[in-house]
Amino acid sequence: MENNVIISVENVAKSFPGVQALKGVSFKIRRGTTHCIIGENGAGKSTLMKILSGVQTATSGNIVVDGETVVFHNPAEALEFGVGTVYQELSNYQQLDVAHNMYCGMLPIKHGMLDWKKLHADTRKVLDEFGLTHVSPTDMMVSLSLGAQQMIEIAKLLIREARIVILDEPTSALTSVEVERLFELISTLKEKGVTVLFISHKLDEVKYLADDVTVLKDGQHVVTVENTEELTESQMIRYMVGRDVAYDYQAGTSEAGEVLMEVENMCYGGKTVQDFSFKLHRGEVIGISGLEGSGRTELFECIVGWKKKTSGTVKMNGKVCEIRNTTDASRCKIGYMTKERKHLGLFLSMSVQENISAAATERLSKKGIVQYSDRIKNANVFVDKMSIKISGLAQRVMNLSGGNQQKVLLGMWLSNEPDVLLIDEPTRGVDVGAKREIHVLIREAVKQGKGVVLISSEMPELMASCDRILVMHEGKLKGELKLGEYSEEKIMSLAYSNMQQVG
Amino acid sequence: MQLKEKNGIEKKQSRMMRLVMFAIDRREVTLVILILALGAFLTWVSPNFLSAANFSVMLNAIGTDIIVAVPMAFCMIAGHSDFSVGSNVCLSSILAGMAMNAGASPIVGILIGLACGAILGYIMGFAVNHKVPTFVATLGGMYAYRGIAMVLCGATSITGFERSFLNLGRFTIAGIRAPIIYAAIMIIIGHFVLKYVNFFHNAYYIGSNVSSATLAGINSKKYLSVAFTLTGLFCGVAGLVLCARVGSVSVNTATDLHFKNIVGLMVGGVSNHGGTGSLIGGMLGILFMQMLDNALVMLYIDPNYNQIFIGAILILAVALDQFVSDYRAKVHT
């Protein structure tokens, strides 16, 4: 039996500042099987894969490969041991040709010179083996479809004798034909005795492909089961959810007033966002739930003009707002707090005061002249309200912890006193205490007649803070849940678009 | 034992780093000290240094540089270094000079010079706002503008201006020469505007993180357009003042202005990545570089060595800034 196990994950834990991503996960992966790992956003799947592939190292616990305890410090070490990964975002050399990508770091050499003939012949052979007969070794990587690129990445791993191939959500960007070909490839890999670790959000794919399924939740291992007849998609959903909701962020404690913002028929980029409409009332917090890649972030980006919408209108107080860029959005009193606070939010090298003032520079100046005393007063208000831990207003934001940075960012947006605030992942990488302070402040703003729309991957957070939840699936509005009807099963069924009733 | 030793070394390093970081953070203070030290040294070497005449010559020379350096700092703090300024100064003053020689009145000549400068600057801003990397756009401007000047003017210099025009660059108030007065006004207004006028103060946000600034509702494209146009306009001003002071203009006017100013501003703490630096620091940096230049003359060092110094100091100043910011990022993660 033991000989059957190729990887044994033993009590692996990983913590980041403020967050414990994995809390002692243990399970076994059988040799030569296709093993799928599923779980909600933030369940710890990606972290686990990063530890297996050497991108990150575990805080504690062991990874045992073929009976040997290993610690990979980087992906190259992992590959030497036979563990190769194809990442969700492909990391190949876009401007080089297929042959160079495939044999990168191991180009054939003859008499001290690059052996072009052998390079192209070898590449041709591998391409044919993978059924990529239409691809030439001299094609530029960038000119190929994503599916072909992905297969080349897999081929690249097999040339380097990988025995274990990790695929991190490989199908998310593929067309259905490409997905089929990928699945064919996976079954041939299995015939060759390669073990495939497959992470996916798409339960039908999991059902189709997997020999074994492991479910993670909140950084913990729920179950590892064989993919038998009894394992239905709803059973998988049931494994993924069903936790105690321990939060209360005052959902439903403020009164909804008149309609504040109407978004009508928002469309973006073909299928990314499709005909999405909703109304936001004063005094309301709406949540938008959906899987990553369901178009929820793009919806926000289109509303504020950060991305160029294909069509659709935004009305504020019944009047159409022409929003072409973020300056227009700011004029219409719509704020947008992104989930990437470091790149699209804060000014890391600047002070706390300057950051909190950033979105409200006009409000904090008189006749175009900066009022430093107003800026300091305003910054102090938010520092006190959210108990932001700083050494002084002059401290650089890059030196703050993630939670405090997030509070500064929220302070920055509330300083501008927008009517509508769109928040993508309000508490990403933030500990429980800070989460509470952030949500209390959001609710306080709403009680003053503002409206807030939240995106969160954490369902307990959404259920505890929102007065209504809209569920998005592949760019479309799949359903709406009112306060009191919430359950993780319902949201998940809609988000996975699993129409059969669960539980 | 070994660990302890290692810790000891680390402690010593960090104390030195703290001193370096203090010097970088309080750039203005550091520069004033350096300037005074260099001045003391030069006085010791050559008593001539302290003479009013030498000072007057030295400051006169940087007067026109500073007229351009102030709006350049506005661009650099927003993250954009303009290489086209020297050529702009040259082309706009040549156009103004040609117009006046063709019979236009000084007023009309001045207006032509200013308009030309502003338009040339606007073109740079337009290119930058349409995704041309600033380095490429302004380097292209530097070549093209100088090229137009060469086509228009050839190898001759333009001279023979009216007295009333020449006075613009030659008047004195209480013994202080015109370029110095212009420069002083520019610095005072520039400092106020950058620190207190909201529109221009936003330069720091744009330079620190242009995406965050745009999301926060700051119109960064508008800012860049205005800042580049202003830089161009003041290139026109500097060109006219220079032309009036010297009494002539040729294609060799202001050939290395962009470089001298960028080096001076960087030494003064205005990073080419944007987001940091004060106008006063930048001006002290330019003054320091000019004194170094002056020192080489006083020490009878071949002027050809000058370029070696400027180049080396530029690289050192940037390397030091980069080192300190990397160090900061490392220490706090």
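Visitor: Which residues of H1(A) are buried?

Guide: Happy to take you through it. The buried residues of H1(A) are Lys45(A), Thr47(A), Leu48(A), Met49(A), Ile51(A), Leu52(A) and Ser53(A). Before going on, a word on the model: it is predicted, so local features need pLDDT of at least 70 and side-chain atom pairs count only at pLDDT 80 or more, while totals for chains, interfaces and linings use all residues. Residues are numbered from 1 along each chain as its sequence is written, chains are lettered from A and ligands numbered from 1 in the order in which they are written, and side-chain values use heavy atoms, with hydrogens and water left out.

Back to the helix. Here buried means under 20% relative accessible area, exposed means over 50%, and partly exposed is what lies in between (1.4 Å probe, protein chains only). Helices are DSSP runs of H or I with at least four residues, strands are runs of E with at least two, and both are numbered from the N terminus. H1(A) covers residues 45-53, and because seven of its nine residues are buried, it is largely enclosed by the rest of the structure. Gly54(A) follows the helix, with a positive phi near 90°.

From there, let's turn to the charged pairs. A salt bridge is a side-chain nitrogen of Lys or Arg within 4 Å of a carboxyl oxygen of Asp or Glu, and the whole structure has 20 of them over all chains. One joins Asp66(A) to Arg31(A), at 3.0 Å from N to O. Its partners come from distant parts of the chain, 35 residues apart: Asp66(A) sits in the loop between strands E4 (60-65) and E5 (68-70), Arg31(A) in the loop between strands E2 (19-30) and E3 (34-38) of chain A. Asp66(A) is partly exposed at 32% relative accessibility, and Arg31(A) is partly exposed too, at 35%.

Asp66(A) also forms a salt bridge with Arg163(A), at 2.4 Å from N to O. Arg163(A) lies in the loop between helix H5 (146-159) and strand E9 (164-168) of chain A, so this pair ties together parts that are 97 residues apart in sequence. Arg163(A) is partly exposed, at 31% relative accessibility.

Another salt bridge is between Arg296(A) and Glu425(A), whose closest N and O atoms are 3.6 Å apart. These two are 129 residues apart, with Arg296(A) in helix H9 (296-303) and Glu425(A) in the loop between strand E21 (420-424) and helix H14 (432-447) of chain A. Here both ends are buried: Arg296(A) has 1% relative accessibility, and Glu425(A) has 5%. As for shared partners, salt bridges join Arg31(A), Asp66(A) and Arg163(A) into one network.

Now to where the chains meet. Counting contact as heavy atoms within 4.5 Å, the interface takes 23 residues from chain B and 31 residues from chain A. Buried area is the accessible area (1.4 Å probe) that two parts lose on being put together, summed over both; between chain B and chain A it is about 2,300 Å², with carbon and sulfur atoms giving 58%. Asn198(B), Tyr205(B) and Leu215(B) supply 32% of the area that chain B buries against chain A, more than any other three residues. The two chains have zero salt bridges between them.

On the side of chain B that touches chain A, the elements giving two or more residues are helices H8 (178-196), H9 (198-201), H10 (203-208) and H11 (210-215) of chain B. H11(B) gives the largest share, five residues.

Last, the cysteines. With a disulfide taken as a pair of cysteine sulfur atoms within 2.5 Å, the count over all chains is zero. Cys235(B) is buried at 0% relative accessible area, and its sulfur is 9.6 Å from the closest cysteine sulfur, in Cys75(B), which is too far for a bond. Cys104(A) is partly exposed, at 26% relative accessibility.
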